[in-house]
Amino acid sequence: MPVLFLKSLSAPRRSESSDFVLACCLAFVAGAVNAGGFLALRVYTSHMSGMLASVASFLARDQLPIALSAVGALLAFMGGAASTTLIVHWAQRQKLTSVYALPLLGEAALLLLFGVLGDQLNIKLFSTVSFLVVLLGFMMGMQNALITKISNFRIRTTHVTGMVTDIGIELGRLFCSGIARVGDKDATRANLVNLGLLAVLVGQFFAGSLMGAFGFKHFGLLFTVPLAAMLAAVALFPVYDDIRDFFAGFSPQT
């Protein structure tokens, strides 16, 4: 039963419940990585609005190397999103079961690499920090593009600005529902479902941030290991199924 549940989270055939649970997992991981990354590197690696604004700020203060590092993180985020799109489209053409699991497994591997390298390297060096920021930005781009494609552009998990905006919109619609025709409750009911989804995702991001802050504070960058394991647990079974089917195609005919 747990295996079937985990398979459903990254299966190509989606349901609203599997989308919701996967989004909660990814929001939790994104919050943990953001908080932990800030403690370690002093940068919120998925906040591209702030990253772009910081480029202008650094340039205005003649801090060209730091500005270039921020540009690198911005480009890495876009590169991560592009890589997820390429992986998903390729896997769809190959009719793979792991169409959504492959980007997740890639993110898990990069997150583990980040933790191991960050633990071994001197994070006080500017070059090390720049590299790790770029690596985290790439991962967050991968994740954001994946849940965006899965949810048909309804959900983002690496930042809460859009989700908080959507919560405000839904609250406004809810308050305006009183002027609708009596008995016309469909729109209100749909808004409540969406409002609940968004509130839970924001809560998951915050819970992940708390866990990441405490984890990175007490265990350092190696706290990424359980986060990577969480992503890998969601992705491994569909990938295993595709590998098994691939080798089964080469088995001797009887």
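The model is predicted, so local features need pLDDT of at least 70 and side-chain atom pairs count only at pLDDT 80 or more, while totals for chains, interfaces and linings use all residues. Residues are numbered from 1 along each chain as its sequence is written, and side-chain values use heavy atoms, with hydrogens and water left out. The protein chain has nine helices and zero strands, and a search of the whole structure turns up four salt bridges.

**Fold and overall size**

- Reading from the N terminus, the protein chain goes α-α-α-α-α-α-α-α-α; helices (H or I, at least four residues) and strands (E, at least two) are DSSP runs, numbered from the N terminus.
- Along the principal axes, the C-alpha atoms of the protein chain fill a box of roughly 70 × 60 × 35 Å.
- Take the contacts in the protein chain between residues at least 6 apart in sequence: 75% of them join residues at least 24 apart. A contact here means heavy atoms within 4.5 Å.

**Surface and burial**

- Of the 254 residues in the protein chain, 40% count as buried. The cut-offs are under 20% relative accessible area for buried, over 50% for exposed, and partly exposed in between (1.4 Å probe, protein chains only).
- The protein chain's accessible surface is about 13700 Å², with 70% of it belonging to carbon and sulfur atoms. These areas come from the Shrake-Rupley method with a 1.4 Å probe, and for residues only the protein chains shown count as cover.

**Charges and salt bridges**

- The protein chain carries 17 positive and 12 negative side chains, and the centres of the two sets are 1 Å apart. Lys and Arg count as positive and Asp and Glu as negative, with His and the chain ends not counted; each charge is placed at NZ of Lys, CZ of Arg, CG of Asp or CD of Glu.
- Asp241 and Lys7 form a salt bridge, with their closest N and O atoms 3.1 Å apart. Since Asp241 sits in helix 9 (residues 224-248) and Lys7 in helix 1 (residues 2-9), the pair ties together parts that are 234 residues apart in sequence. A salt bridge means a side-chain nitrogen of Lys or Arg within 4 Å of a carboxyl oxygen of Asp or Glu.
- Asp241 is buried at 9% relative accessible area, whereas Lys7 is partly exposed at 27%.
- Asp241 also forms a salt bridge with Arg244, at 3.5 Å between the closest N and O atoms. The two are three residues apart in helix 9, so about one helical turn separates them. Arg244 is partly exposed, at 42%.
- A network of salt bridges links Lys7, Asp241, Arg244 and Asp245.
- Arg14 forms a salt bridge with Asp19, with 2.8 Å between the closest N and O atoms. Arg14 is partly exposed at 23%, while Asp19 is buried at 7%.

**A loop residue**

- Ser98 is in the loop between helix 4 (64-93) and helix 5 (101-120), and counts as buried at 2% relative accessibility.
- Leaving aside residues up to four places away in sequence, Ser98 touches Pro238, Val239 and Asp242.
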